Amino acid sequence: MAVSQSKNYVRIEASNKDGIVFVETTDGDRFFMSHEDAARACSNYQLSKDSDKLNIFLTDALEACRIRKRDDEQLKKFQLLLNKLGTWLFDHNEKIHKTFLTVCEGGLLLVIVRKELKYDEEFESQVTDLDMDIAKDPDFSEIPFSVQTLPRCDADGYESFCNFVWTLEYMTRNAKR
Amino acid sequence: MPNDSEHIKAALHNLDVLKYLLEKPEFCDWSVVLAFYVALHVVDAVIYRNPAAHRLRHGGNHQDRANILKQTKCYEKIARNYIELYRTSKTVRYLEGSITIGFLSNETIRTKFIKGHLTQIIKSCEQFLPDQACQQLNSSLTVICN
């Protein structure tokens, strides 16, 4: 596989396994691209015979890689967040009736329905600790996140806080570690 | 978007309404909502005076405002009190009255939310606001807390 010598060009390097090509962009981003995608970019370059266009074709292929990479990273962070919340909910399970993760105002909203009706100062403080902790964690700081606690209420009450298209319910009550 | 003076003016107006509501025990639950809107305007005045935060907040919503508070080191104390007040005000606003009556006593509202969270937010915001605004806010708050 060709490797451009110009510092203005995308760098690509063949790896020795799984048909993957290593690509480094001019701004230092690094990706792994399939041989197929890289070959298609080079083939388009051959057809065009325009030396400037190799970079354009590779950039198109790279953009697809970038999107996949970003999606993979976001998915990984989302999974980390789900695990962190799951652990916290399990640890505070004795006070929790139901929990939902939903979307609200362009961010994630954790809706926690408590078992008791009366305001619980200690629990609210612990929820604030969780909220602050997530906001300051570099893994999650780009995910707009907040928590809504509710006193014991029926479905009419908590469902008004849940997006009807996208809501997950945490099932931790009978979970065992 | 209103400027810092207009936010302080709105906060002072809401403090007047809050005083009125606290004198009516039957509407005491809604005083948490008013306390939140006092806090919101005081916080918006602070954000307005911080060019970096103000830019982030441009066209923003409750989520954006809370994120700025949570993720800015010097606003951390404001953030803790603000998000607890915000959460509870939403509960009072969106759940039916029969639930919220058993949820918060008038005493809890006064001690925890007015003398507690709201007072803490205003005190923590003072270092970011002009002296005159602080004096006005403190004067209104003192009347409510006594």
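In this predicted model, 25 residues of chain A are in contact with 22 residues of chain B. On the side of chain A that touches chain B, the elements giving two or more residues are α3 and β6 (145-150) of chain A. Helix α3(A) provides the largest share of that side, seven residues. By class, the residues on the side of chain A that touches chain B are ten nonpolar, nine polar and six charged.

One residue of α3(A) may be followed in detail. A:E124 is placed in helix α3 (residues 121-136) of chain A. Leaving out residues up to four places away in sequence, A:E124 touches A:T149 and B:E84. Along the chain, A:E124 and A:T149 are 25 residues apart, yet their C-alpha atoms are separated by 7.8 Å. A:E124 counts as partly exposed because it has 18 C-beta neighbours inside 10 Å, and a residue is buried if 20 or more other C-beta atoms lie within that distance.

The largest nonpolar core has 48 residues, of which B:A35, B:A39, B:V42, B:V43 and B:Y82 touch the most other members. Several helices of chain B each supply at least two residues of this core, namely α1 (4-22), α2 (30-48), α4 (62-71), α5 (76-94), α7 (106-125) and α8 (131-145). The greatest contribution to this core is that of α2(B), with 14 residues.

B:Y82, one of the core residues that touch the most other members, is in contact with B:A39, B:V43, B:L69 and B:I121 when its neighbours within four places in sequence are left aside.

The axes of α1(B) and α8(B) come within 10 Å and cross at roughly 5 degrees. Because angles under 35 degrees count as roughly parallel, α1(B) is described as roughly parallel to α8(B). The residues that meet are listed by helix below.

| Helix | Residues in the contact |
|---|---|
| α1(B) | B:I8, B:A11, B:L12, B:L15, B:L18, B:K19 and B:L22 |
| α8(B) | B:A133, B:Q136, B:L137, B:S140, B:L141, B:V143 and B:I144 |

In terms of class, the contact of α1(B) with α8(B) has eleven nonpolar, two polar and one charged residues.

Technical notes:
Residues are numbered from 1 along each chain as its sequence is written. Chains are lettered from A and ligands numbered from 1 in the order in which they are written. This is a predicted model: local features need pLDDT of at least 70, side-chain atom pairs count only at pLDDT 80 or more; totals for chains, interfaces and linings use all residues. A nonpolar core is a set of buried Ala, Val, Leu, Ile, Met, Phe, Trp, Tyr and Cys residues joined through C-beta atoms within 7 Å. A residue is buried if 20 or more other C-beta atoms lie within 10 Å of its own, exposed if 12 or fewer, and partly exposed in between; C-beta atoms are placed from the backbone. Helices (H or I, at least four residues) and strands (E, at least two) are DSSP runs, numbered from the N terminus. Two residues are in contact if their C-beta atoms, placed from the backbone, lie within 7 Å. Ala, Val, Leu, Ile, Met, Phe, Trp, Tyr, Cys and Pro count as nonpolar, Asp, Glu, Lys and Arg as charged, and the others, Gly among them, as polar. Axes are lines fitted to C-alpha atoms, for helices over the stretch in contact, and angles run from 0 to 180 degrees between N-to-C directions. Angles under 35 degrees count as roughly parallel, over 145 as roughly antiparallel, 65 to 115 as roughly perpendicular and the rest as oblique.
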